[in-house]
Structures are given as C-alpha cells and as structure tokens.
Amino acid sequence: QVQLVESGGGLVQAGGSLRLSCAASGRTFSSYSMGWFRQAPRKEREFVAHINWNGADTHYRDSVKGRFTISRDNAKNTVYLQMNNLKPEDTAVYYCAATLSSIWALLHEYRYWGQGTQVTVSS
C-alpha cells in the first residue's frame with residue numbers, strides 16, 4: 001500500500017520555474033519506479049517523466065527534455081520534478097504515480113496515484 005501526495009504547483013510566468021514534490025507513505029517506497037503525468041483541459045493524461053528505484057535511470061517525453069528533471073530521495077520517501085523554462089503548454093494538473101512495472105510510459109501500468117497539483121503558466 002502506497003499513498004501519494006503532490007505539492008508545489010502554482011502560477012508562474014513563461015520562462016519561470018517550479019519544483020513539484022510527491023510525498024509517499026510506506027516502507028516499500030524504494031521498491032517502486034515513480035512517474036509524473038499531466039492532464040491539460042480537454043486533453044488526455046500524458047506521460048511526463050519517470051525514474052527507477054535508485055534514480056539511475058530516467059526518461060522524459062520529448063517536449064520537456066532539457067527543461068524538466070526528475071529525482072528522488074528514498075530516505076525521505078519523496079520524488080521531485082524540477083521544471084525550468086516553463087511554457088504555457090505545460091499548463092496542466094500534474095500527478096505522481098508509482099509502479100512495479102518496467103513499462104514506465106503507459107498510464108495503466110501505475111498502481112498508485114496522487115490527487116494532483118495544478119501548474120499554470122501564463123504567457
């Protein structure tokens with residue numbers, strides 16, 4: 001059983017930065033790969049970034065490469081998403097999720113989800 005709570009969203013101007021945090025419960029946190037997804041109004045939920053259990057392997061969707069960085073601190077049961085050079089098209093509700101699957105880009109492979117945090121980027 002894992003419970004996830006996102007925080008750190010807000011309103012920023014284009015070109016600004018935010019750092020999202022996802023706090024996880026449970027002693028098994030380090031067993032999970034963690035992902036960030038986002039969902040904009042009238043859009044499907046989409047993959048953003050993924051990090052494996054020890055942080056050695058990360059993946060990003062093409063549109064955020066070079067701007068977003070995913071990291072984790074297993075001692076604090078927390079995963080982060082540092083978002084730099086934000087663009088209006090990054091506006092969405094951002095969700096963290098946990099999976100034991102190696103198929104990291106597919107939404108349905110994630111067993112646990114947080115409630116989401118709103119990120120709004122103005123032009």
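I began with the charges, counting Lys and Arg as positive and Asp and Glu as negative, with His and the chain ends not counted. Each charge was placed at NZ of Lys, CZ of Arg, CG of Asp or CD of Glu. For the 13 positive and 9 negative charges of the chain, I found mean positions 3 Å apart.

I noted that this is a predicted model, in which local features need pLDDT of at least 70, side-chain atom pairs count only at pLDDT 80 or more, and totals for chains, interfaces and linings use all residues. Residues are numbered from 1 along each chain as its sequence is written, and side-chain values use heavy atoms, leaving out hydrogens and water.

Next I looked up the secondary structure, where helices (H or I, at least four residues) and strands (E, at least two) are DSSP runs numbered from the N terminus. I found eleven strands and zero helices in the chain.

I then recorded that the C-alpha atoms fill a box of roughly 40 × 25 × 25 Å along the principal axes. Of the 123 residues, 42% are buried, that is, under 20% relative accessible area with a 1.4 Å probe, protein chains only.

Finally I turned to Y32, which lies in the loop between β3 (18-24) and β4 (33-39). Between the C-alpha atoms of Y32 and Q1, 31 residues apart in sequence, I noted 11 Å.

Note on methods
Buried < 20%, exposed > 50% of the residue type's maximum accessible area, 1.4 Å probe, protein only.
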